[in-house]
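Colleague: I am new to this structure. Please show it to me, and then I will ask about its parts.

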Amino acid sequence: MPEADTTSRHAALLAWAAERHGIAPAALDLRLAADDASFRRYFRLVLPDGTQRILMDAPPDKEDSAPFVAIARRWTDAGLPVPDLYAVDLDAGFLELEDLGDTPLQHCFETSEAPITLAWHDRALALLDMLQKRADPAGLPAYDASLLGRELDLFTTWSLERWLALPTPPSWPALRQSLIDTALAQPVVTVHRDFDAMNLMVVDDELRLIDFQDAVAGPLSYDLISLLHGRYCRFSASRRHAWIEAFRQRAVADGRLDSIEPQSFHHWVACMAVQRALKVIGIFCRLTLRDGRQGYLARVPHFLDHLEDALAELDELADFRHWVADTLRPALLAKLAAQGITWEHVA
């Protein structure tokens, strides 16, 4: 957002909050709390009595906040741990929310195999169970073939064509359709769509959900993959398999999933992991090339690792797996090095 627009919206947000609380703007303490990958910005408001709130600034010409508001209200009614809504002005693009503090879940992690990291992932998986059992997917946008395909096309358009100038591999059309078909074969549940540690806030030792405005009705395994192949950890195959099998057993027991052989369910999950890794790599390239956002390309190798972890479990995708190892990885790392971008492998 241009600096002049940012300054103007900040002044408007301050005036909105001041009028809402009957306080002079000069008496308010309003500071940037967070940006995210969209045009939304979040500010911490401190009132004269010390009360704290979070104000969301979502320019209505760039962000539609109506889904966030509708979902927040529905999930609150369902007993899910989401922030309270105190005020909503969709025309202005301003929301006042409960302040959940400054501890996203990744701040509680150590290494990927540290006991505290594993314990927090167990708790996050319990929250995912709650989300899928309590949140009715009816009325949410469908995570259908069109949306799945558009997400996969982010990889070929932004990563291959526009960033790396690589041709699409011959196996791509069949791979693309296979990943879509496998996703659509799964039971439909409410999908947060970014169920990663950064969107799980730790408040008084409990987990709370944020950033759920893009929720859809879609595949059972998608949010499971968002967590287990997330931004901050890379787990061993044995660790992932244990969590996935325990999830399958719970889902069968509570009716989210009909009885299915472990091998078939793990195949679904691995295919979903491939789809999400390709999507994320494409999104990170688009954020950099189109939106001028910095820091995202350095994260791409981590999701390339996730992609190869998932492909290692899918013998039918051997051709694509070899192309990733022999063509994509060398080209991607060489491009990062040429641009002076350093990256870290997640432990």
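This is a predicted model: local features need pLDDT of at least 70, side-chain atom pairs count only at pLDDT 80 or more; totals for chains, interfaces and linings use all residues.

Colleague: Which residue of strand 3 is the bridge partner of Tyr42?

Modeller: Helices (H or I, at least four residues) and strands (E, at least two) are DSSP runs, numbered from the N terminus. Two strands pair if DSSP finds at least two bridges between them. Strand 2, residues 41–46, pairs with strand 3 in the antiparallel sense over 6 bridges. The partner of Tyr42 in strand 3 is Met56.

Colleague: What phi does Gly50 have in the turn between strand 2 and strand 3?

Modeller: Strand 2 and strand 3 form a hairpin, with 5 residues between them. Gly50 sits in that turn, and its phi is positive, at about 95°.

Colleague: Which residue of strand 5 is the bridge partner of Asp57?

Modeller: Strand 3 also pairs with strand 5, residues 94–98. The sense is antiparallel, over 5 bridges. In strand 5, the partner of Asp57 is Phe94.

Colleague: Which residue of strand 8 stands opposite Met201?

Modeller: Strand 7 (residues 200–203) and strand 8 pair in the antiparallel sense over 4 bridges. They form a hairpin with 2 residues between them, and Asp204 in the turn has a positive phi of about 50°. Opposite Met201 stands Arg208.

Colleague: What is the phi of Asp211?

Modeller: Asp211 lies in the loop between strand 8 (206–209) and strand 9 (216–219). Most residues other than glycine have a negative phi. Asp211 has a positive value, near 55°.

Colleague: Is Ala165 buried or exposed?

Modeller: Ala165 lies in the loop between helix 4 (145–164) and helix 5 (172–184). Its phi is positive, near 55°. Its relative accessibility is 63%, so Ala165 counts as exposed.

Colleague: What is the relative accessible area of Gln275?

Modeller: Gln275 is in helix 8, residues 262–289. Leaving out residues up to four places away in sequence, Gln275 touches Tyr143, Leu148, Glu151, Leu152, Leu179 and Tyr222 (contact means heavy atoms within 4.5 Å). Gln275 is buried, with a relative accessible area of 1%.

Colleague: Which side chain makes a polar contact of 3.2 Å with that of Glu113?

Modeller: Glu113 is found in the loop between strand 5 and helix 3 (115–134). Not counting residues up to four places away in sequence, Glu113 touches Leu118, Phe235, Ser236 and Arg239. A polar contact is a pair of N or O atoms within 3.5 Å; within protein, one must be able to donate a hydrogen and the other to accept it, and residues adjacent in sequence count only if both atoms are side-chain atoms. The side chain that meets this at 3.2 Å from Glu113 is that of Arg239.

Colleague: How far apart are the C-alpha atoms of Glu113 and Cys233?

Modeller: Glu113 is partly exposed, with a relative accessible area of 38%. Along the chain, Glu113 and Cys233 are 120 residues apart. Their C-alpha atoms are separated by 8.9 Å.

Colleague: What is the C-alpha to C-alpha separation of Ala15 and Pro25?

Modeller: Ala15 is in helix 1, residues 3–21. At 41% relative accessibility, Ala15 counts as partly exposed. Ala15 and Pro25 are 10 residues apart in sequence, and in space the separation is 6.0 Å.

Conventions: Residues are numbered from 1 along each chain as its sequence is written. Side-chain values use heavy atoms; hydrogens and water are left out. Buried means under 20% relative accessible area, exposed over 50%, partly exposed in between (1.4 Å probe, protein chains only).
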